[in-house]
Amino acid sequence: MSRSISIFDTTLRDGTQGEGISLSADDKLKIAKKLDDLGVHYIEGGIPGSNNKDIEFFKRVKDLYLNAKITAFGSTRRKNSIAEHDDNLQRMVDAGVPAATLVGKSWDFHVHTALQTTLEENLAMIGDSISYLKHKGLEVIFDAEHFFDGYKNNPEYAAAVLAKAREAGADWLVMCDTNGGTLPNEVYDIVTAVSGHLPGAALGIHTHNDCELAVANALSAINAGVRQVQGTINGYGERCGNANLCSIIPTLQLKMGYHCIPGDSLPQLTNTARYVSEVANVNMPVNQPYVGTAAFAHKGGIHVSAILRDSRTYEHIAPELVGNKQRVLVSELAGQSNVLSKAQDMGLSLDPTSEQARKVIDKIKNLEHQGYQFEGADASLELLLREATGELNELFKFESFKMLVEKNAGQPVVSEAFVKLRVGGESLYTAAEGNGPVNALDNALRKALKTYFPRLDEMHLSDYKVRVLDEQDQTAAKVRVLIESKDYHNTWSTVGVSSNVIEASWEALVDSMRYALLGQISLENETRNSSEPKGLVNH
């Protein structure tokens with residue numbers, strides 16, 4: 001039995017049917033290139049001729065010279081017609097791709113209800129369509145839609161559908177759990193039975209996640225003998241999504257002994273997952289297996305103490321195998337090991353037996369009790385640890401800020417911020433407008449500091465979140481503000497907490513700029529002229 005599994009990616013077709021996901025032709029081309037670099041075998045590009053984006057994709061993808069086979073998707077010919085005159089089939093041929101995915105009905109209920117035709121005519125539609133595409137020189141992957149529901153309702157007919165597709169020359173026979181309601185043991189039993197009916201057939205599996213079993217069902221099918229698995233990056237897809245290739249590929253390759261993609265490509269998996277997420281403009285769940293930011297994150301003090309001795313104590317694989325990394329979180333559950341590990345990652349010297357270490361741990365726990373959360377605000381945590389170890393000097397000193405928010409009838413809201421700071425020995429007072437209070441504060445703070453730190457122009461705020469902490473206090477409740485910032489090289493997050501959302505935003509905003517300057521000060525020192533104030537931090 002072959003230990004190789006063919007990976008069929010349908011992110012660009014089935015994945016785009018997920019709610020909130022829309023990809024332009026350029027987006028599809030970028031993702032196709034990334035998938036090809038990962039080493040998948042098939043990339044399903046879409047439905048030729050169905051929309052302008054897919055028309056453009058199939059036209060331009062040829063210029064990428066990919067190793068993966070680009071596949072066009074379509075359905076069998078219309079009932080009571082002939083394949084040669086079917087526009088859908090002709091568009092698949094005209095797409096100029098080497099392979100076609102043809103979907104046909106395998107559930108008798110669907111044949112009668114959706115197609116409103118006879119079981120015999122459905123078989124003829126499948127056979128004629130496959131024969132036509134094969135005559136045109138295409139590799140044909142036949143997707144038997146609703147196969148498992150069909151098999152449970154009428155096993156003889158579902159098996160006859162696959163037999164007809166094989167007889168017509170289909171290269172792959174793919175069994176689809178289209179409604180996502182089949183259980184892993186059912187998948188295994190049905191695939192085993194089909195393998196007995198069709199010895200030597202090249203079988204595939206396509207599962208949906210409506211019971212959160214898409215990955216488990218795909219793996220069960222592989223255990224039962226299928227050799228192609230269809231899915232999407234990050235599990236994108238209609239309703240609850242498709243089988244997640246970011247879980248299937250490493251499980252098959254690292255745990256089940258199958259070969260899916262080149263070994264040196266597997267460390268690209270995390271980067272690929274996050275790249276596709278960024279292009280699709282969809283936030284990845286932090287706890288996504290293998291590739292999520294929390295997949296190898298440790299919070300409990302006992303856990304951290306153990307992984308510092310040997311990561312195998314609480315990690316099922318080495319995160320580097322899939323391109324991810326271990327993270328230690330610091331929170332009210334943290335013990336000394338968490339803090340020491342974070343300090344070590346930052347290159348800070350913190351004696352575990354010192355009063356200094358005890359104080360910083362107590363401070364972190366006290367701040368978390370007040371509502372601060374450092375799990376998602378590593379930059380604020382680093383500033384806190386550097387202060388505790390005496391390795392952070394004051395870049396600027398805050399003295400005061402004022403906000404003016406004015407709304408006149410028929411006019412947009414105007415926000416203006418006034419900020420007073422000290423840099424070195426000089427007092428600075430600036431004002432700036434913005435499209436909201438936080439933007440006005442950001443503009444005023446930058447205006448005051450950019451003379452001394454011009455590289456602040458390279459950073460910008462990329463995300464802003466507000467969380468109410470005490471709902472029972474209603475409009476007087478404390479809020480936690482998380483700000484994500486970026487420059488050309490890095491992304492970092494900071495936190496602020498207050499019963500006043502402007503004050504909480506200010507805390508997070510100031511920390512964001514202080515952190516940005518940590519990595520820039522050495523560069524600033526190289527170019528700073530002698531007229532600038534002395535006494536600024538050197539890091």
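**View 1. Tyr464 stands opposite Ile483 in S15 of this predicted model.** Strands are DSSP runs of E with at least two residues, numbered from the N terminus, and two of them pair if DSSP finds at least two bridges between them. S14 (residues 460–468) and S15 (residues 479–486) are paired in the antiparallel sense over eight bridges. Residues are numbered from 1 along each chain as its sequence is written. Local features need pLDDT of at least 70, side-chain atom pairs count only at pLDDT 80 or more, totals for chains, interfaces and linings use all residues, and side-chain values use heavy atoms, with hydrogens and water left out.

**View 2. A hairpin of four residues joins S15 to S16.** Eight bridges pair S15 with S16 (residues 491–498), again in the antiparallel sense. Glu484 has Ser493 in S16 as its bridge partner.

**View 3. Tyr464, Val466 and Val501 make a nonpolar surface patch of about 220 Å².**

**View 4. Strands S11, S12 and S13 form an open antiparallel sheet in the order S11-S12-S13.** S11 (397–406) and S13 (426–434) are the edge strands, each pairing on one side only. Nine bridges join S11 to S12 (residues 414–423), and Met403 stands opposite Ala417 in S12.

Methods: Patches are made of residues with over 30% relative accessible area and no salt bridge: like charges are joined within 9 Å, nonpolar side chains (Val, Leu, Ile, Met, Phe, Trp, Tyr) within 5 Å. Accessible areas come from the Shrake-Rupley method with a 1.4 Å probe; for residues, only the protein chains shown count as cover. A salt bridge is a side-chain nitrogen of Lys or Arg within 4 Å of a carboxyl oxygen of Asp or Glu.
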